[in-house]
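Subject: Handover of a structure and findings

Dear colleague,

Please find below the structure that I am handing over to you.

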Amino acid sequence: MSLPKAELHLHIEGTLEPELAFALAARNGVTLPYADTEELREAYRFDDLQTFLNLYYELMAVLRTEADFADLADAYLARAAAQGVRHAEIFFDPQAHIARGVPMGTVVEGLWRALGRSEETHGVSTQLIMCFLRDESAESAMETLEAAKPHLDRITGIGLDSAEVGHPPVKFRAVYEAAAELGLRRVAHAGEEGPPAYITEALDILGVERVDHGLRCMEDPGLVERLVRERVPLTLCPLSNVRLRAVDVLAEHPLPAMMDAGLLCTVNSDDPAYFGGYAGDNFDAVREALGLGEERLRELARNSFEASFLEHDEERRARYIAEVEAYEFP
Ligand SMILES: Nc1ncnc2[nH]cnc12
Ligand SMILES: [Zn+2]
């Protein structure tokens, strides 16, 4: 669906399609433990977040040079633009690259080669959000923030991702405080597999402005009331939730109940190469499986711009929202 929208929950490493993975492997002399793209796609059967993450980190081995990161981002932006994405706030996982000997500068400058010209090439405005891996130590997160300091003109904010359960937000209090002092915006994954209490911690201890996923807030009516009252955006990822078994089938996704409750919901793709769809595909899927009407879809698109970090450019935000209002559904 080409309804104009902002994508606010997208891991750039999760846009690595099998074809590009093999092309980059050949370019860099990396051997993948799969015979071909078909055999690789066969491996995309996940039981939970961890089984997905194992493959996600394994395939990153093909990303080595600035050109690799630029090609990855260009491929995503082209696909996103074709599905109506006008603005993208893009996550990346520097620790997963630094651990393999790929420096922060290679990752950020490589991505920026594509992002810096994205408005001209794809008609998509962009921002970068650097995520810390929550299953790594708090010290490692702080070192990563330090390594990012020469590149902060390229980075809008910080996030928190990877294996959630057992790694509560409080573990990252110090690095979020340090990032806030540097003027960085703050988001965090919470309530994907972890309990509602992690959402509360992310708000109260990390000071996040948006919650990534936040699905499990629905188990705590008091928390839902608070999220509604404070208009905290949730970046939901419906196809991801099905693939990672957070919900059994899309028809049972709580998105309609969340919207009925007054939550500020957005729909995003998370790791589209792995979960079977980009942003527009996620909109198509919820329309189909949940019977969302045009007004609900328009509300989701409007929400995405409201929840974006575009305050510095209200004129642009107003223009994007006007495009949502004028959109004619096929
Ligand atoms: N959905 C997700 N949850 C946590 N970490 C991730 N890293 C990439 N995708 C993720
Ligand atoms: Zn995610």
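The notes below go from the numbering to the sheet, the annotated site and some loop residues.

Residues are numbered from 1 along each chain as its sequence is written, while chains are lettered from A and ligands numbered from 1 in the order in which they are written. This is a predicted model, in which local features need pLDDT of at least 70 and side-chain atom pairs count only at pLDDT 80 or more, whereas totals for chains, interfaces and linings use all residues.

**Annotated domain**

The unreviewed UniProt entry gives the annotation "domain: Adenosine deaminase" for residues 4-317. UniProt positions are given in the numbering used here, feature names are shortened, and annotations may be inferred rather than shown by experiment. The span 4-317 is 48% helix and 14% strand, and its end C-alpha atoms lie 12 Å apart. Helices (H or I, at least four residues) and strands (E, at least two) are DSSP runs, numbered from the N terminus.

**The sheet**

Eight strands make up an open sheet with parallel pairing, in the order S1-S2-S3-S4-S5-S6-S7-S8; two strands pair if DSSP finds at least two bridges between them. Strand S1 (5-7) and strand S8 (264-267) are at the edges with a single partner strand each, so one side of each has no neighbour in the sheet. On average, neighbouring strands of this sheet are turned by 25 degrees against each other, direction ignored; the axes are lines fitted to C-alpha atoms.

Strand S3 (residues 125-133) is largely enclosed by the rest of the structure, because seven of its nine residues are buried. A residue is buried if 20 or more other C-beta atoms lie within 10 Å of its own, exposed if 12 or fewer, and partly exposed in between, with C-beta atoms placed from the backbone. Six bridges join S3 to strand S2 (residues 85-92), and Glu89 has Gln127 in S3 as its bridge partner. With strand S4 (residues 157-161), S3 pairs over five bridges in the parallel sense; here Ile129 stands opposite Gly157. Strand S7 (residues 233-236) is joined to S8 by four bridges, with Leu236 opposite Val267.

**The annotated site and ligand 1**

The unreviewed UniProt entry places a "binding site" feature at Asp271. Asp271 is in the loop between S8 and helix H14 (272-275). Asp271 counts as buried because 25 other C-beta atoms lie within 10 Å. Apart from neighbours within four places in sequence, Asp271 is in contact (C-beta atoms, placed from the backbone, within 7 Å) with His11, Gly14, Tyr56 and Ser240.

The residues around ligand 1 (C-beta atom, placed from the backbone, within 6 Å) include Asp271, Asp270, His189 and Glu192.

**Loop residues**

Arg231 has a positive phi of about 50 degrees although it is not a glycine. Arg231 lies in the loop between helix H11 (221-229) and S7, and is exposed, with 12 other C-beta atoms within 10 Å. Arg245, also not a glycine, has a positive phi near 65 degrees. Its loop lies between helix H12 (238-243) and helix H13 (255-260), and Arg245 is partly exposed, with 14 other C-beta atoms within 10 Å.

Ile205 is in the loop between helix H10 (196-204) and strand S6 (210-213). Ile205 and Glu177 are 28 residues apart in sequence and 9.0 Å apart in space, C-alpha to C-alpha.

With kind regards

Terms used: Axes fitted to C-alpha atoms, helices over the stretch in contact; angles between N-to-C directions. Contact = placed C-beta atoms within 7 Å.
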